[in-house]
Amino acid sequence: MKNGMKSVLAAMLIMALVFAAAGCGSKKSSNPLTGTWEYEEDGIKAVYVLNDDGTGTYTMDTGESVTYKLKYEAKDGHLLVSYVDNEIFDESDVFDSEYTLTDDKTMIIKDSFGMEMTFVKK
């Protein structure tokens, strides 16, 4: 049970941290967060798809895959994420995490508990 709770907490933290956008065609976005970002460690895989319009999805797989729709905003080094159209989170719940882009393909997200996760842009 304790490991199950850790997985759920890790999933929630990961969801609050990352995103990615699916680019279409050759149109280049001015938003460096636009794209698909992946995190994988200890049997947990998280994928954020961040669109240029501030929407996206978050998929978490810990043996069973779940996808959530989201809205996001990047502001002053903080990633603000809220989840829409789901039964777990209310859209008014905003998850605030610090983020750093170390290069074009690497983003480190630090959640409010101090946990750091490294996402790679695909």
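Are Y68 and F89 buried or exposed? Both are buried, meaning under 20% relative accessible area; exposed means over 50%, and partly exposed lies in between (1.4 Å probe, protein chains only).

## Basis

This is a predicted model: local features need pLDDT of at least 70, side-chain atom pairs count only at pLDDT 80 or more, and totals for chains, interfaces and linings use all residues. Residues are numbered from 1 along each chain as its sequence is written, and side-chain values use heavy atoms, with hydrogens and water left out.

## Fold and surface

The protein chain has 1 helix and 8 strands. Along the sequence the order is α-β-β-β-β-β-β-β-β. Helices (H or I, at least four residues) and strands (E, at least two) are DSSP runs, numbered from the N terminus.

Of the 122 residues in the protein chain, 39% are buried. The chain exposes about 7300 Å², and carbon and sulfur atoms supply 50% of that. The areas come from the Shrake-Rupley method with a 1.4 Å probe; for residues, only the protein chains shown count as cover.

## Aromatic pairs

The whole structure holds 8 aromatic pairs. Rings of Phe, Tyr and Trp (its six-membered ring) pair if their centres lie within 6.5 Å; planes under 30 degrees apart count as stacked, over 60 as edge-to-face and the rest as tilted. Y68 and F89 are edge-to-face because their ring centres are 6.4 Å apart and their planes stand at 70 degrees. Y68 sits in strand β4 (residues 65-75) and F89 in the loop between β5 (78-84) and β6 (95-103), so the pair ties together parts 21 residues apart in sequence.

F89 also pairs with F95: centres 5.1 Å apart, planes at 85 degrees, so edge-to-face. F89 counts as buried because its relative accessibility is 9%. Elsewhere, Y39, Y48, Y58 and F119 form one aromatic cluster.
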